Structures are given as C-alpha cells and as structure tokens.
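The model comes first, then the text.

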Amino acid sequence: MTDLRTPDPTPTAPAAPAVPVPVPAPVVPAAAAARRPGPVLGLLLAGQFMALLDVSVVNVAVPSIRTDLGASGAALQLVVAGYTVAYAVLLITGARLGARFGYTRTFRYGLAAFTTASLACGLAPATGWLIGFRVVQGVGAAVMVPQVMSVIQRLFTGAARVRALGLYAAVLAGGLAVGQVVGGLLVSADLFGTGWRPVFLVNVPLGLVLLAASARLLPPLPGDRGRGFDLPGLLTLAAALGLLVVPLVLGHELGWPAWGWAMLAGSAALFAVFAAVERRVAERGGRPLIAGRVLRAPGLLSAAGSIFLIMAGFAGFMFALALHQQAGLGNSALRAGLLSVPVSVGFGAASLLWQRLPQRLHLVLPVLGLAVVAPGYVLVGLLLDGGGPVGPAVQAVLAVTGVAAGCAYSPLFARALGRVDPADAADASGVMVTVLQLGQVIGVTLLGTVFLGAVSYPAPARDSGHALLVTTAVIGAALAAAAVLAALSGRTVRPAWAGEAGRTEDV
C-alpha cells in the first residue's frame, strides 16, 4: 500500500513468498523434465518471480507516474492496489482452472495474459488505462501462479523434488528485495526518456522467452474436464474476497470511508453465504470449490492460522521499515530495497537447508523459529528507536530473523498440506496461497495504520523510529499467537516428511 502523503514512495510489503508445499502428488512421466530438469525448473520459477516482482517494483515508479500522467493520489493508489486485489481475489479460481483444464496449459495462458498486460501497462496513455491493465496483470498472475507449485509436484520426485521446492522458496525470497532494487534502477536510469515505463516493459521480453520455452520444455499435464466447476461457489468467494480486500487496501489512504466499512460487513455476510453454498453443492453430490475434507486435513487450519499471522507480521514489518527508512531517515527507495536483502537471503537459505537439520527437530522447528522471529522484530525496533541509521547490527539481526522465519514457514507449509489427498492438492494450494496474500494485505493495512498512527510525516527520525518500535511490539504479540497455533498444529499431525522411515519421497 502506498502512502501518498510521504515525500517518497512507500513500498507495499512484497508479496509473501509462496513457500514450498511438499504435497505428495502423482508424478507424470515427462521425458523432457527428466532430461532437462534445470531448465524446466528455471522456467517455472521465472514465471513465479515475474508475478512476485510486479507487486513491489511499481511502488518505486509512483512519483514518475504521477508527474508523467498527472495522476491523482487515489488513482495512483489504484495503480498499486489493482494488481494486488485481482491477484489475491482470484488465486483459488486460478487453482481450480488448472485442475480442470490442465496445469501447463493454464500456466501458459496465465503467462500470456500477464505478458500482454505488461506491454499494455508500459504503453498506457492515461491513468485510467494503466489501472485497468494492472487489474488484467493481476488476473494473469492469479491464473499462472497456482500452476507453478502443481507442475513442480508432478514433474519432480524424491530428492529432485526436495531440491526443486527449496530453490522455489529461495528464489521467491530473493524476489522480495529484488523488486525494490530493480524498480529503483529502472526508474533512475530513465531509459530513452521513458521514465516509469520500463518497470512494466521489462516483463515483455522475459515473458516471450518463457512462452517459447514452455512450449518445448513443459510436458502436457491434463486436468479433469469432468470435474464440476462450482460456478456459484467461485462467484460468491470472489465477491467475498473482493469486498474484503478492496477496503483494506484503499481504506487508510481514503480515510476509512463509510462505504469501506459497509464492504467489510458485506464480505462477512458473503463468506457465510459461501459456506452455505458449498455445503449445498456437497449435499447434492457435486464438487465444491473448497471441499470440507480439504479444510479437515490434519493440521491444516491451525498451521494456516499461524502462517496467516506470520505473513501479516512480515508484511507489516517490511512496510513500516521501508517507510521509516525513506520518510524518516531520508534513504532512497533503492537503498531501502538493498537494506532488505539480509532478511530475504536468510529466509532463502533456511528454506533450502532446513531439511538437513536433525529429524527430531523438524516437528518443533516452527515454534523454535517463531521464538526467534518475534523478539527479533522487537529488537530491530529497539535498535532503531533513537532514529539512528540501519547499521551492521540491525542488518545482522535482520539476517538472523530471516533464517528463523524460513525455519518456521517451510515446515509449517509441509505440515499444513502434507496430509492432503493428492486429488485435492491444487485446491489446498490455492487456499494456502490465498491465506498468504490476505495475510500480506491485512498486515500492511492494520500494522501500517498502527505505524502511521504513531507518527505523522514529515517528522524527526527519532519519532519515526519510535513508531517503528510500537509497530514491532504489536508484531511480536501477533507472532506469539502464531507460535501457539504452530504448536497446536504439531500436536494434530505427524507430518509426512517426519515419517518413521524419513524417506525423501515423502518430502
């Protein structure tokens, strides 16, 4: 969410990394994947990386867009939020499309839509056009992203799947910092006098290369065309999520108008309607959008609740830290992005290596990780409370916090989805990715409100640092609750990856 009252653009917290979910899935024989696993995995991860990048990269371009197109503050907010709203609302729909029409085909369609919309955004003649194309971009990402995980699960097995999922998390974690850095570099370069436009146009050549490569490398992974589509469920859920996400994204910037509260109330009512619709579909022998057995999978709900709080805390922390650096300390957006690298690198490294820890630690690893993450955020707030620079001590704490966060996220996802039936893997993945996105949106909204309620810019660095401390204290409390939920999920299920035999195939 961009706070347009500050002198510098405020980066929306980067999308929460879609941590690998080791769900047992039937492996589709794929000669291409067997011969060239590296290029196949690189292609999939590049598609996911593009979608993640476009959440944060645009924030750096906001001042340039405002100057070039004469955009109002509300319009600029929609440029930033349009993508996130469409992306968060339609992720479950995208997962169901892949399950019905085929995973690789749906991946290519989503990638094509995303690439085309990126070109349209880069050539947009006015703000209204740019907002519309950003929404289309979000739709393309929502169609593409759920397929990445499903394709990896079906093309890789055993140790290869472990490595693929670890790299998946590591690459996405790196994208958290790269988006801000790339955006800063492209806008600062002002290539051929194009200002903000390369922020979108950079996706076009990469998207075309990925489309051409996907036609050669990705084998067909057919879906189940006989599977019911549950159109009433899709429409009801999309409307409920839209009524929830839109006011949360725009509420603070617009002063929390009455229509926003009305939308939130309508969202709660529609979620109740959605539950009734799904029960009715199941009673009639149909295929509900989210089957009850998916939500009843051992450990899923408690782990999902913990992950939601973790993502909300992470997104809110990144938002507050970036705003403190830019509006409080006067750092550039590029420098702020570079200073977020330690936490992203720590997260990626832990996501790659946590399986190497002794097996007896795997069950308690999320709780241990959260026991470090919660005070780690608070410690950063304490170190920056006086308005001092983000020095080596802060960066060291951020790196340790990132490692601990990776040690909590990845095992929790394994726990959440490790006992989901393979037939429900796509639906469960869609649910969990939606949880991540909602955690991000709600974290930025609520914790951003806490932060901006404690300081009003322009303000001295000391006041900004104190606001950061207040925010990290709230985050610490939220992560304490996340640790409790993580402990409960550990009692509910013994994860497949911690089975007696400890087989790699179970990971």
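Axes are lines fitted to C-alpha atoms, for helices over the stretch in contact, and angles run from 0 to 180 degrees between N-to-C directions. Helices (H or I, at least four residues) and strands (E, at least two) are DSSP runs, numbered from the N terminus. The model is predicted: local features need pLDDT of at least 70, side-chain atom pairs count only at pLDDT 80 or more, and totals for chains, interfaces and linings use all residues. Residues are numbered from 1 along each chain as its sequence is written, and side-chain values use heavy atoms, with hydrogens and water left out.

**Helix pair**

Helix H2 (residues 37-56) packs against helix H9 (residues 203-217) at an angle of about 150°, and their axes lie 10 Å apart. H2 is therefore roughly antiparallel to H9 (angles over 145 degrees). Their crossing is left-handed, meaning that the near helix is turned anticlockwise from the far one by less than a right angle. The residues in contact (heavy atoms within 4.5 Å) are tabulated here.

| Helix | Residues in the contact |
|---|---|
| H2 | Pro39, Val40, Leu43, Ala46, Gly47, Met50, Asp54 |
| H9 | Asn203, Leu206, Gly207, Leu210, Ala213, Ser214, Leu217 |

**Loop features**

Tyr457 and Pro458 are joined by a cis peptide bond, with omega about 0°. Pro458 sits in the loop between helix H19 (425-454) and helix H20 (461-492).

Trp256 lies in the loop between helix H10 (231-250) and helix H11 (258-283). Phi of Trp256 is near 50°, a positive value in a residue other than glycine. Trp256 has a relative accessible area of 25% and is partly exposed (between under 20%, buried, and over 50%, exposed, with a 1.4 Å probe and protein chains only).

Terms used. Parallel < 35°, antiparallel > 145°, perpendicular 65-115°, else oblique.
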